[in-house]
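Hi,

Here is the structure I promised to pass on.

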Amino acid sequence: MVLIRSLPIYLTLLLLEYALLVRSVYSSNAFSRVVQHTHQIAARHTRNIARDLRLAFGAVLASDPSQQPLEDGRAVYCKSSAAAGNGGEGNNSSSPTETTSQGTGTSTNSATAGSPTISAVSTPWKLIEAHNGSDFFQGWSFFTGSDPTHGVVDYLDINDATSAGLAYVNSAGNAVMSVDTTNNLTGNRKSVRITTNSQYDQGIWILDALHMPTGCGTWPAFWTNGPNWPAGGEIDIVEGVNTYTNNQATIHTNPGCTISSSNSTVLGITGTIVGGTNCAAAETNNQGCGVRSSSDVSFGAAFNNNSGGVYASKLDDTGVSIHFWPAGQVPSDVLAGTPNPSLATWGTPFAQWSSSGCNPNTFFHDHSAIFDTTFCGDWAGSVWTDSGIPGQEQSCAQSTGYPTCEAFVMAEGSAFTEAYWEVKSVKIYQYQS
């Protein structure tokens with residue numbers, strides 16, 4: 001009786017029914033009918049048990065968030081969001097507008113090596129444009145005009161740049177933009193300058209780069225720019241020359257844009273003001289108002305040797321601000337593709353131009369992002385004999401033995417093997433409340 005009470009109810013009824021039937025068996029035919037009837041009951045209950053098991057285990061499987069069915073009925077087991085991220089910087093996940101197909105070439109360690117666990121956060125900033133992987137160069141135009149900064153450079157169109165191996169996606173899925181390294185040129189040195197086809201009045205532009213051009217004579221930049229310069233405004237996010245190790249961010253505008261102080265503490269920044277507080281290009285001989293980063297791994301060879309890093313430039317109603325995080329120190333929300341500048345993890349920007357002295361709605365509009373590498377020109381050429389700048393403690397004239405930047409650039413092509421960009425991604429976010 002103890003055994004019967006421990007059985008499921010339908011098995012208990014089955015045994016009782018079987019016992020009653022056995023008592024009424026008087027012939028082999030009767031016994032046969034009993035066995036057949038019993039088999040039918042058992043079969044029916046077996047099907048019920050199988051159904052119950054499917055329902056029970058089905059509920060368990062359906063509640064497992066790591067298993068997601070595919071449209072063709074297969075199942076794929078995914079890593080948790082904490083490990084895989086959400087299409088952010090420095091991981092292999094892709095947003096709907098991204099791809100991670102591979103090209104050919106060499107690779108460099110990711111800028112996110114040693115970074116904290118990737119985790120998404122709530123943010124009103126939504127990804128609307130992404131460039132990475134084999135499709136990185138889609139959505140960019142190759143500039144082929146003369147250099148506005150008077151460098152000794154010829155910019156190639158997409159066909160010539162690709163054929164010459166100066167623009168491609170390498171085996172790590174990173175975009176590479178390099179320069180010609182032929183010695184003893186009789187003309188300008190060939191390079192690449194690209195501009196996004198998109199334009200935005202406001203947004204966050206995030207650059208995840210592993211390597212940038214460096215060396216005496218080079219002048220690389222990543223920046224955003226509006227139409228009818230300087231009326232639409234210019235925001236230099238990454239810029240420097242020669243062997244500098246500390247990045248300089250600068251804005252150039254129409255007259256009327258200023259910063260209230262040259263004191264970093266008053267301005268709430270970690271960088272140092274260079275070039276004054278008047279940002280008008282026409283009134284400062286195109287100099288604008290710049291801020292030099294305090295980080296000695298934010299530019300050039302030092303940046304490259306440190307596995308790169310991530311830059312974020314925010315343009316909104318509050319003004320312009322620029323953050324830099326070396327490899328391994330990038331906030332998890334940025335890595336996850338859910339950037340939220342209000343979080344404490346972003347820290348203090350190294351450069352900032354407040355709306356109180358420079359209304360962004362007046363001085364900045366229709367901005368496209370731009371990469372370029374030029375040589376000599378108005379900046380790199382003009383400081384060729386200077387020294388005492390972080391990274392250029394000795395002048396390029398002394399270190400190269402050439403009296404002018406132009407003479408060095410034309411003769412020593414082999415000196416520019418490090419004059420290339422390697423970019424993991426460029427992503428643009430818009431505020432959507």
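Let's start with one of the sulfur links: the bond between Cys-279 and Cys-289 has 85° about the S-S bond, which makes it right-handed. Cys-279 sits in the loop between strand S14 (272-274) and S15, while Cys-289 is in strand S15 itself, so the link ties together parts 10 residues apart in sequence. Their sulfur atoms are 1.8 Å apart; a disulfide here is a pair of cysteine sulfur atoms within 2.5 Å. Helices (H or I, at least four residues) and strands (E, at least two) are DSSP runs, numbered from the N terminus.

Before going further, keep in mind that this is a predicted model, where local features need pLDDT of at least 70 and side-chain atom pairs count only at pLDDT 80 or more, while totals for chains, interfaces and linings use all residues. Residues are numbered from 1 along each chain as its sequence is written, and side-chain values use heavy atoms, with hydrogens and water left out.

How many disulfides does the rule give? The count comes to four, and with bonded cysteines counted along the chain they follow the pattern 1-7, 2-5, 3-4, 6-8.

Another one joins Cys-257 to Cys-358, S to S 2.0 Å. The torsion about that S-S bond is about -105°, so this disulfide is left-handed. It links distant parts of the chain, with Cys-257 in the loop between S13 and helix H6 (264-267) and Cys-358 in the loop between strand S18 (351-354) and helix H9 (360-363), 101 residues apart. Are these two cysteines buried or exposed? Cys-257 is buried at 0% relative accessibility, and Cys-358 is buried too, at 2%. (Buried means under 20% relative accessible area, exposed over 50%, partly exposed in between, with a 1.4 Å probe and protein chains only.)

Now the largest pocket, which holds about 890 Å³ of space. Of the 33 residues lining it, the closest to its centre are Trp-219, Glu-239, His-252, Asn-286 and Trp-379. Strand S11 gives the most to the lining, with four residues. A pocket, on a 1 Å grid over the protein atoms alone, is an open set of points where a 1.4 Å probe fits, with protein on both sides within 12 Å along at least five of seven lines; lining residues have an atom within 4 Å of a point. Grid points are joined across faces, edges and corners, and the volume is the space filled by probe spheres set on the points.

Cheers!
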